[in-house]
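My notes follow in the order in which I took them.

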Amino acid sequence: MTSLTKKQWLRKKRRRKYIKLITVTMLSMVIVFTIVMMFVTVLKNTHNNGYTVLDFLQPSRIIAKPGITEKFLTPNEYSRPQTPLAEVNSIVIHYTANPGTGAESNRNYFENLRINKVTYASSHLIIGLEGEIIQCVPLDEISFASNDRNNDTISIECCHPDATGKFNDKTYNSLIALTAWLCCQYDLGRDDIIRHYDVSGKLCPLYYVEYEDAWEAFKDDVMSYIDDNAVEN
Ligand SMILES: [Zn+2]
């Protein structure tokens, strides 16, 4: 066994230090990579029947977001329980069944449920008679609008001028732009646009239950709007 000179010993010591540093760096990179991949896998698996958070960040088509006024309800168990909405598989269309009332008053009705506690009800979005859109509930929370589909749908309530339940042109046009935007955000298609009636048999939205042609025409209008305005991402 040959003894090392001081210089050789120092060189050896330095080499060991470098090897240690490189090993620690590589191990750290492997650990970080593994954690990131685990996170991505969990996200994909958790929501693999609908959109994933990653899909939401990278929709395949992009369309301009319509003007939406956010007036979130005060958290409460009757209209905004803050239950996470894990996936979005459909957009559900409703009518207010309250002729002549606007978006603001319907929003206030939901807000007041936390005080009068008469029922459990809310909607993510309300479209008024002037075409104005009010958002009551964030899109990553459930609303109380669509019975046993509350846990995987986004709800839109539409105001209407009279008892027929037919939407006026301003409401209808905003509904097309809003539904188109939501379809693009969540990669949904024509069959993913449904009525409250399709969930529970309730006559909602009344006019579009009574006139099947009008309902089919609405879905066609949304698809045409997407074709004309969306761009591939
Ligand atoms: Zn409804």
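**Contacts and overall build**

I began with contacts between residues at least 6 apart in sequence, and 75% of these join residues at least 24 apart. The model is predicted, and I read every entry here with that in mind.

I then listed the secondary structure, which comes to seven helices and eight strands. The radius of gyration is 27 Å, well over the 17 Å that the globule rule gives for 233 residues, so I noted the protein as more spread out than a compact globule. Along the principal axes, the C-alpha atoms fill a box of roughly 105 × 45 × 30 Å. For burial, I found that 28% of the 233 residues count as buried.

**Strand β6**

How many of the six residues of strand β6 are buried? I found six of the six, residues 153-158, so β6 is largely enclosed by the rest of the structure. In a regular strand the side chains alternate between the two faces of the sheet.

**Partners of β6**

Next I looked up which strands pair with β6. Strand β3, residues 90-95, runs parallel to β6 and is joined to it by six bridges. Within this pairing I noted S90 opposite T153. Strand β4, residues 125-127, also runs parallel to β6, with three bridges between them. Here I recorded C158 of β6 as the bridge partner of I127.

Notes
Residues are numbered from 1 along each chain as its sequence is written. This is a predicted model: local features need pLDDT of at least 70, side-chain atom pairs count only at pLDDT 80 or more; totals for chains, interfaces and linings use all residues. Helices (H or I, at least four residues) and strands (E, at least two) are DSSP runs, numbered from the N terminus. The radius of gyration is taken over C-alpha atoms; the globule rule is 2.2 Å times the number of residues to the power 0.38. A residue is buried if 20 or more other C-beta atoms lie within 10 Å of its own, exposed if 12 or fewer, and partly exposed in between; C-beta atoms are placed from the backbone. Two residues are in contact if their C-beta atoms, placed from the backbone, lie within 7 Å. Two strands pair if DSSP finds at least two bridges between them.
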